[in-house]
Amino acid sequence: MADSGAPKPSSSVKLVLLGEAAVGKSSLVLRFVNNDFQENKEPTIGAAFLTQKCNLPTRTIKFEIWDTAGQERFASLAPMYYRNAQAALVVYDLTKPTSLIKAKHWVAELQRQASPGIVIALVGNKLDLTNDAAGGDGEGAGGDGEGDARKVTTEEAKSYAEEEGLLFFETSAKTGYNVTEVFTAIANAIPETSLKTARGPGASSAAARTEEQRVNLNGPRDPNAKEGCAC
Amino acid sequence: MAPETEEPAVKSNNEAGPGQETQGSAAVPSPSPSPSPPPPPLPPRRKASGEAPLQVGGQLQSKPTTAVSSIDISTLSFPDGTRGTFPTPSVGSGPSSLNSGYGTPTRDSSGDNLTDSMSVMSFAPTIRAPGDLASLVAAEFNRKSRAWNLLRSQSETVQPFEGIEFGDSGELAGFEREFDDIPENMTDDVRLSMWQSKMKHYLILSSAGKPIYSRHGDLSLINSSMGVIQTIISFYEGAKDPLMGFTAGKARFVVLTAGPLYFVAISKLGESDAQLRSQLEALYMQILSTLTLPTLKNIFVHRPSTDLRKPLEGTETLLSSLADSFTKGSPSALLGALECLKLRKSQRHAINNIFLKNRTDKLLYGLIVAGGKLVSVIRPRKHSLHPSDLQLIFNMLFESGSIKSGGGESWIPICLPAFNNSGYLYMYVSFFDDDNNDTQHPPTTPSQSSPSPPPTNNTPPESPQEIALILISPDRESFFPFSSLRTSLYNSLTKSGHLSLIRQSLSSPRPSISSILPSPSPSPSNSPSPISHFIYKSRPNVQFVMSSLQPLFVSPIARRKLMSQYQSLHAAMHAKHSHLKVIYSVGEDCASLGWVTPLFEFYCVAGPNVSRQAMTEAANKVVKWVGREEGRVFIIGGGVF
């Protein structure tokens, strides 16, 4: 996917990141936007606004990303950021079960109060801390708790995501594993109609799209294999 | 001079010329004629008295008139071929037979039980006998000798805190490790002793005794200390006589009670109580800035035992970077003033105007800050900005990495306690990067990239070099108008060339002393300038300017020593009931001068041997220089709308 070539239709997508403090929201964004990673990153204060283009075969999506602070005291400001958002990344920490509970709260709040067609992706971050880090089977067989620090099984989170009609990924902002895939999947999941009108269709079709999307989830297998070699 | 006095025999002979090289004789028959100045004629009767003239420094008020000691003169050769004479009290000839520690000790005083295993040092008396006093006094006497003059001419060039170069950091020996974390994988005893070795601690706890923050050590490690402190403080609270501070060993404890919180500073760095208290105030301001005062009060009104760590989550890094800037020594915090980026007056005016032209409706304050130094301020006529609020903002932006590491634009709810401690304002922050901000980094396939190395923590010697735009609004919806303001401001400043001017000024260091005080052309000594560093605070503008820390004060220890010197000067000048205008103090490793007028506060530090006169002259010149440069080094007024 090169930048050159015939001008593809380009559209902006407003995306918000939500989740408990210190799950790695800013690190995911930093990896996606600058392909960079900082150990011991200091907590975000308030919110940060970043943009990044994502090239799809048929069009270019310009993500306008609101990276919010996860601390409780900023929660009251969240509506300001998810209002009119077309996509949301709800992030939890694979090594911290309470962060998944918090993520579920965010999902519920988004479904209740955000724009109806919002595409939500549930992302379990810090895969590098588990035994699956280099093992390859990110989504499939990994989740029986044999990972070093893993406390949330893949099955648990994945079945929840299916129930709620969310995209689901496990990522590592540290190694970069699956990060771009999350954003590409979101870009693909945003319907053309919603891009033009900036208003999403009904939730049912959103669920249908996520069904399609799940097929795409196998895409990340290739980088997966490379990770395997590193081991 | 002494000869007028009628004291017989104990006549000072300090007119002895530099050429005198009489060696080893215990009895100099008569004062040798000195080349210059000729000694006033003495009554012959006295000369004929036949007693050995005593070479005791006669100018001293405390001259020991009974010290009838004849003095050995020993000669030392210096590497450059010159020779100097030094008197050594002859053993046993003084009023006391105690040996002096010079040369071979005699055995008479110490008895017979000496063994070979004893070293010479064993004989060095700890209480110096009068024989030694004579040699101490003779140091003054030797001022006139050629050797002394040679030494003296060299001593002018001694720089402040030279001991550091020879590994003598004195009290600050452990200062390099001051900011290291206490590792978790050690026994509690080891960790506790590491904790105790820190020179500076800040503790915050609730009045119910719940720990909230500690600069060093996790809360589990220091929980018991917190308990002790809470007990001590509340004991005095109960007695209606609040505890302000106390000293334990070398550590000074200062307590600040603010609302439902206790703040404790523990310092071995010699700051005054008032200075420590103002540091604690700043930490309190940071907490208010996060929570606002009504929220803080509410939390504790409803549940006094609340754990404030949760509501404050994420603020620890800001508190720590604030605390560390105090521990490193921050002139801004000491003086309660800000530093400005040096720019020509017309340039700053132009930047202000561009800023004003681009401003939007809901803008309350607009600031351009470069590397922690103020470049431009625009504000409404009826509001000014308080330095303590700006200190919090600068700390957030430039000292802690929270905002600049994330990239992009930030939108931050912040309470500026000195402006209004009961509500939030919204702060837009964006950094003007060197590279064009609009170019997007293409997302390369992250799976192929290895994890990037941990960020290197070596900060540049002076301040970090980012240019930040700060826009503050009372309206939480102002982000997008501000974002477009940023774009248009960036474009205007780039087009007019002012952004590169700012960058240029930012990359040039602070003014050096030698550029302010060009040394007189035929410099008698090779000393570059009498003073080594200065700080000048303009009181009406609440801003300060200081000279470059290069090259002497770059290392953390030298910097800390410099700031400690300023701190003690500042404390002396600002002590209650002291109406000092000028203070000059000389210590072992530096001399320092403080000067306060209604218009300014001036502090400077020089080498230990610089004369008061030279320092005063230099101080006057620097003050004149600041007067000339005032329009460049300070922001006077700023852009007002």
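User: In which strand of chain A is E170(A) placed, and is its side chain's residue buried or exposed?

Analyst: This is a predicted model, in which local features need pLDDT of at least 70, side-chain atom pairs count only at pLDDT 80 or more, and totals for chains, interfaces and linings use all residues. Residues are numbered from 1 along each chain as its sequence is written, chains are lettered from A and ligands numbered from 1 in the order written, and side-chain values use heavy atoms, with hydrogens and water left out. Helices (H or I, at least four residues) and strands (E, at least two) are DSSP runs numbered from the N terminus. E170(A) has a relative accessible area of 1% and is therefore buried (under 20%; exposed is over 50%, partly exposed in between; 1.4 Å probe, protein chains only), and its place is in strand β6, residues 167–170.

User: Which side chains make polar contacts with that of E170(A)?

Analyst: A polar contact is a pair of N or O atoms within 3.5 Å; within protein, one must be able to donate a hydrogen and the other to accept it, and residues adjacent in sequence count only if both atoms are side-chain atoms. The side chain of E170(A) has one such contact at 2.9 Å and another at 3.2 Å. The partners are, respectively, R150(A) and T154(A).

User: Which residue of β17(B) is the bridge partner of Y584(B)?

Analyst: Strands β16 (residues 582–586) and β17 (residues 591–596) of chain B pair, a term that requires at least two DSSP bridges between them. Their pairing is antiparallel over five bridges, and a hairpin of four residues joins them. The bridge partner of Y584(B) is L593(B).

User: How far apart are the end C-alpha atoms of residues 531–630 of chain B?

Analyst: An unreviewed UniProt entry places the feature "domain: FUZ/MON1/HPS1 third Longin" at these residues; such positions follow the numbering used here, feature names are shortened, and annotations may be inferred rather than shown by experiment. The span is 38% helix and 30% strand. Its end C-alpha atoms lie apart by 21 Å.
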